[in-house]
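My notes follow in the order I took them.

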Amino acid sequence: MTNYREIAWQGLWKNNPGLVQLLGLCPLLAVTATITNALGLGIATMLVLIGSNILVSLVRDYVPKEIRIPVFVMIIAALVTTVQLLINAYAYGLYVSLGIFLPLIVTNCIIIGRAEAFASRNNAFSAAFDGLMMGLGFTLVLTVLGATREILSQGTLFEGADLLLGPWATSLTIHLWQVDTPFLLAMLPPGAFIIMGLLIALKNVIDKKLKERQPEVATEPSVTRARITKVS
């Protein structure tokens, strides 16, 4: 029986693709200069994850093991192309902002990894739920990283939200403080590396604290047995 609570815990925290598996770091560090870009890429990746997991689970019994990886990649590529065309049609500004990193979702190790490790071994509903949780976990990391970088570099939140949600979303922009000269380090990939390292360190500290609060399991004392040989 599938343990959906464990799947959610694995995707959102324990085995988070961004903080633990460290997969998809290229787009994660490159396009998270703002929270809008982070949300756009995260949602696109999550949709591809859910779709690819469902399709891989449905065809797993019909694909020979020798060619399963090429078949999985073709499925992922078709879904990425579909998502890319939809973003191009309905959120062109975001499409331009994400640039090459949108089609590069095809090469994201998170997607092919979940297809091989989980979707190819479980039913479609469980695979879809796994894709949702892994996608949400990845999107959360992107969002926190994007928000932190945007605040440090520009002093704003949701700058350019209209690229994702339409013209009405310009009112969502929050100006926290006035920035005369943007903090360049936070805007560039080296700053993203530093902030990402701090997020990983924070997660490790929280995990350590949680482990210390867990009650210790009592173990039975071991009994040492000696063998006595009688010498006549």
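**Entry 1: a surface loop residue.** I am working from a predicted model. I started at Phe 183. I looked up its accessibility and got a relative accessible area of 41%, so Phe 183 counts as partly exposed. I placed Phe 183 in the loop between strand E2 (174-175) and helix H9 (184-187). I then checked its surroundings on the surface. Phe 183 belongs to a nonpolar patch with Leu 152, Leu 185, Ile 194 and Leu 198. Together these residues have about 460 Å² of accessible area.

**Entry 2: record against model.** Residues 22-55 are 79% helix and 0% strand, with the end C-alpha atoms 25 Å apart. Residues 67-87 are 95% helix and 0% strand. Their end C-alpha atoms lie 31 Å apart.

**Entry 3: helix H4.** I went on to helix H4, which covers residues 68-90 and has 23 residues. I compared its span with the expected one. From first C-alpha to last, H4 reaches 33 Å, close to the 33 Å expected at 1.5 Å a residue. Which residues of H4 are buried? I listed Phe 72, Ile 75, Ile 76, Val 80, Val 83, Gln 84 and Ile 87. I then looked for their packing partners. The buried residues of H4 pack against helix H3 (35-59), helix H5 (92-98) and helix H6 (109-117).

**Entry 4: salt bridges.** How many salt bridges does the structure hold? I found three. Side chains of opposite charge can pair when their charged atoms come close.

I took Glu 116 and Arg 68 to begin with. Their side chains meet in a salt bridge at 3.1 Å, N to O. Glu 116 sits in helix H6 and Arg 68 in helix H4, so the pair ties together parts that are 48 residues apart in sequence. Arg 68 is partly exposed, at a relative accessible area of 30%.

I turned to Arg 114 and Asp 130. Their closest N and O atoms are 2.9 Å apart in a salt bridge. This pair links distant parts of the chain, with Arg 114 in helix H6 and Asp 130 in helix H7 (residues 124-154), 16 residues apart. Buried or exposed? I noted both Arg 114 and Asp 130 as buried.

I finished with Lys 203 and Asp 207. The closest N and O atoms of this salt bridge are 2.6 Å apart. Both residues lie in helix H10 (residues 189-213). They are four residues apart, so about one helical turn separates them. Lys 203 has a relative accessible area of 4%, so I logged Lys 203 as buried. Asp 207 comes out at 26%, so I logged Asp 207 as partly exposed.

Entry 5: I looked up Thr 34 in the loop between helix H2 (25-30) and H3. Its relative accessibility is 12%, so Thr 34 counts as buried. What does Thr 34 touch, not counting residues up to four places away in sequence? I recorded Gly 146, Glu 150, Gln 154 and Glu 159.

I ended at Lys 65, in the loop between H3 and H4. Lys 65 has a relative accessible area of 66%, so I marked Lys 65 as exposed. I also took its distance to Pro 167, which is 102 residues away along the chain. Their C-alpha atoms are separated by 48 Å.

Definitions and conventions
Residues numbered from 1 in each chain as written. Predicted model: local features only at pLDDT ≥ 70, side-chain atom pairs only at ≥ 80, totals over all residues. Heavy atoms only, no water. Helix = DSSP H or I, 4+ residues; strand = E, 2+ residues; numbered from the N terminus. Expected span 1.5 Å × (residues − 1). Buried < 20%, exposed > 50% of the residue type's maximum accessible area, 1.4 Å probe, protein only. Contact = heavy atoms within 4.5 Å. Patch = residues over 30% accessible without salt bridge, like charges linked within 9 Å, V, L, I, M, F, W, Y side chains within 5 Å. Areas by Shrake-Rupley, 256 points an atom, 1.4 Å probe, with all protein chains shown as cover. Salt bridge = Lys/Arg side-chain N within 4 Å of Asp/Glu carboxyl O.
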